[in-house]
Amino acid sequence: MSKKSKSKKKKIKTYDYNYANPQNGLFAGLREMLPSRKSDQFLAGLLLGAAAAYILSDEEIRARLIKGGIKLYSGIAGGIEEIKEQFADIRAELEAENSIAE
């Protein structure tokens, strides 16, 4: 005799669309309409790719981004150099205090 197979009922997914809630954000309804992780990643990649294509195709925006990046880098580099100088000053003060104490 063969075993009887139990029929499995498929669960139907239901989604609660609450568009009036401001905490959901601008694309919250879109995320609920496409609930899988792969589709979320695809949409994020699509938006990033479109933004990158727009930025790379517009020479004025690209020039402004490069200038901003250079200013940011020089600011960070200057800040790091300032911290190094302060560290060297503190080290010299500690060495001077230790030599006086001995």
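The entries below go through the salt bridges and then a charged patch.

I note that this is a predicted model, in which local features need pLDDT of at least 70 and side-chain atom pairs count only at pLDDT 80 or more, while totals for chains, interfaces and linings use all residues. Residues are numbered from 1 along each chain as its sequence is written, and side-chain values use heavy atoms, with hydrogens and water left out.

Entry 1. I looked up salt bridges (a side-chain nitrogen of Lys or Arg within 4 Å of a carboxyl oxygen of Asp or Glu), and I found two by this rule.

Entry 2. I found that E60 and R64 form a salt bridge, at 3.4 Å from N to O. They stand four residues apart in helix 3, so about one helical turn separates them; helices here are DSSP runs of H or I with at least four residues, numbered from the N terminus. I noted E60 as exposed at 53% relative accessible area, and R64 as exposed at 53%, where exposed means over 50%, buried under 20% and partly exposed in between, with a 1.4 Å probe and protein chains only.

Entry 3. I found K84 in a salt bridge with E81, with the closest N and O atoms 3.7 Å apart. Both lie in helix 3, three residues apart, which is about one turn, and E81 is partly exposed at 42% relative accessibility.

Entry 4. I saw that E82, E85, D89, E93 and E97 gather in a surface patch of negative charge (residues with over 30% relative accessible area and no salt bridge, like charges being joined within 9 Å). I placed E93 in helix 3, which covers residues 59–101.

Terms used: Patches are made of residues with over 30% relative accessible area and no salt bridge: like charges are joined within 9 Å, nonpolar side chains (Val, Leu, Ile, Met, Phe, Trp, Tyr) within 5 Å. Accessible areas come from the Shrake-Rupley method with a 1.4 Å probe; for residues, only the protein chains shown count as cover. Lys and Arg count as positive and Asp and Glu as negative; His and the chain ends are not counted. The place of a charge is taken as NZ of Lys, CZ of Arg, CG of Asp or CD of Glu. Helices (H or I, at least four residues) and strands (E, at least two) are DSSP runs, numbered from the N terminus.
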